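These are my notebook entries on a single structure.

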Amino acid sequence: MEPDVLGPPYGRQTIDLGTDDEGPVVATLVRRRAERPTRRAVLYVHGFVDYFFQTHLADFFAERGWDFYALDLRKYGRSLLAHQTPNFCRDLTDYHAELDAAAKIIRDDDGHDMLLAVGHSTGGLIISLWAHARRDAGIVDGIVLNSPFFDINAPWLVRRPLLAAVSRLGRRAPHRVVPFDLGTVYGESIHSDHRGEWSYDLAWKPLAGVPV
């Protein structure tokens with residue numbers, strides 16, 4: 001582990017994921033140890049337009065005797081490289097590679113025999129799909145979902161016909177930007193420069209999000 005932007009007691013490890021059509025790809029595993037040695041670990045996965053900075057979550061688990069790990073997925077946060085499209089992926093199963101690698105580090109390298117996966121928003125969807133795909137491998141002992149993104153919160157006409165059309169477009173032109181504005185209200189409500197209480201890197205988590 002090398003030092004992390006959060007400072008002690010956090011460290012981080014870069015996971016090499018090879019290359020894709022944009023070039024080299026990495027993910028980043030952040031770690032915070034519990035006060036006493038433990039064989040129990042938590043792996044946290046963030047949501048869309050996000051990365052790990054929520055230290056109160058790590059404190060919660062560490063104080064209860066769990067080593068805490070957080071994964072910045074490819075093209076998010078610590079893992080976003082200059083040549084990449086932020087937060088972009090072609091298929092959610094692409095993330096299985098870094099989740100597998102993170103679980104191997106946690107279980108094999110660091111010696112944990114219990115692994116709890118925790119996912120927020122789209123991270124909840126991603127770890128659910130991954131845990132299901134690996135259900136016979138004995139990798140994940142349990143999952144905790146915080147506001148999991150399982151469907152679009154919109155009328156049926158938007159969720160079904162419109163999204164079906166967008167999906168067809170996405171297969172033909174995956175980098176085409178959808179005219180959908182996330183707005184700044186949410187970002188302003190949580191960032192300490194505005195009306196919120198958290199200080200985080202706006203280059204990694206912009207107030208208005210990233211293009212969809």
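Entry 1, the second largest pocket. For the residue classes I took Ala, Val, Leu, Ile, Met, Phe, Trp, Tyr, Cys and Pro as nonpolar, Asp, Glu, Lys and Arg as charged, and the others, Gly among them, as polar. I note that the model is predicted. By these classes, I found nine nonpolar, five polar and two charged residues in the lining of the second largest pocket. The lining comprises 16 residues, and those nearest the pocket centre are Tyr 44, Gln 54, His 56, His 120 and Asn 146. I then looked up which elements give two or more residues to this lining: they are helix H1 (55-62), strand S6 (114-120), strand S7 (142-146) and helix H5 (185-190). For the space in the second largest pocket I recorded about 250 Å³.

I located Val 45 in strand S4, which spans residues 40-45. Is Val 45 buried or exposed? Its relative accessibility is 0%, and the cut-off for buried is under 20%, so Val 45 counts as buried. Setting aside neighbours within four places in sequence, I listed its contacts as Leu 71, Leu 73, Leu 99, Val 118, Gly 119, His 120, Gly 123 and Ile 127. I also looked up the separation of Val 45 from Asp 181: the two are 136 residues apart in sequence, with 24 Å between their C-alpha atoms.

Two packed helices are described by the angle between their axes and the distance between the axes. I found that the axes of H2 (residues 96-109) and H3 (residues 122-133) come within 10 Å and cross at roughly 70 degrees. On the H2 side, the contact involves His 96, Leu 99, Asp 100 and Ala 103; on the H3 side, Ile 126, Leu 129, Trp 130 and Ala 133. I sorted the residues of this contact into six nonpolar, one polar and one charged.

Most residues other than glycine have a negative phi, and most peptide bonds are trans. I noted a cis peptide bond from Pro 8 to Pro 9, with omega near 10 degrees. Pro 9 belongs to the loop between strand S1 (2-3) and strand S2 (10-20). Lys 75, not a glycine, has a positive phi of about 70 degrees, and Asn 87 has a positive phi near 65 degrees. I placed Lys 75 in the loop between strand S5 (67-72) and H2, and Asn 87 in the loop between S5 and H2. Lys 75 is buried at a relative accessible area of 1%, and Asn 87 counts as buried at 9% relative accessibility.

Definitions and conventions: Residues numbered from 1 in each chain as written. Predicted model: local features only at pLDDT ≥ 70, side-chain atom pairs only at ≥ 80, totals over all residues. Heavy atoms only, no water. 1 Å grid on protein atoms, 1.4 Å probe; cavity = no way out; pocket = protein on both sides within 12 Å on 5 of 7 lines; lining within 4 Å. Points joined across faces, edges and corners; volume = space filled by probe spheres on them. Helix = DSSP H or I, 4+ residues; strand = E, 2+ residues; numbered from the N terminus. Buried < 20%, exposed > 50% of the residue type's maximum accessible area, 1.4 Å probe, protein only. Contact = heavy atoms within 4.5 Å. Axes fitted to C-alpha atoms, helices over the stretch in contact; angles between N-to-C directions.
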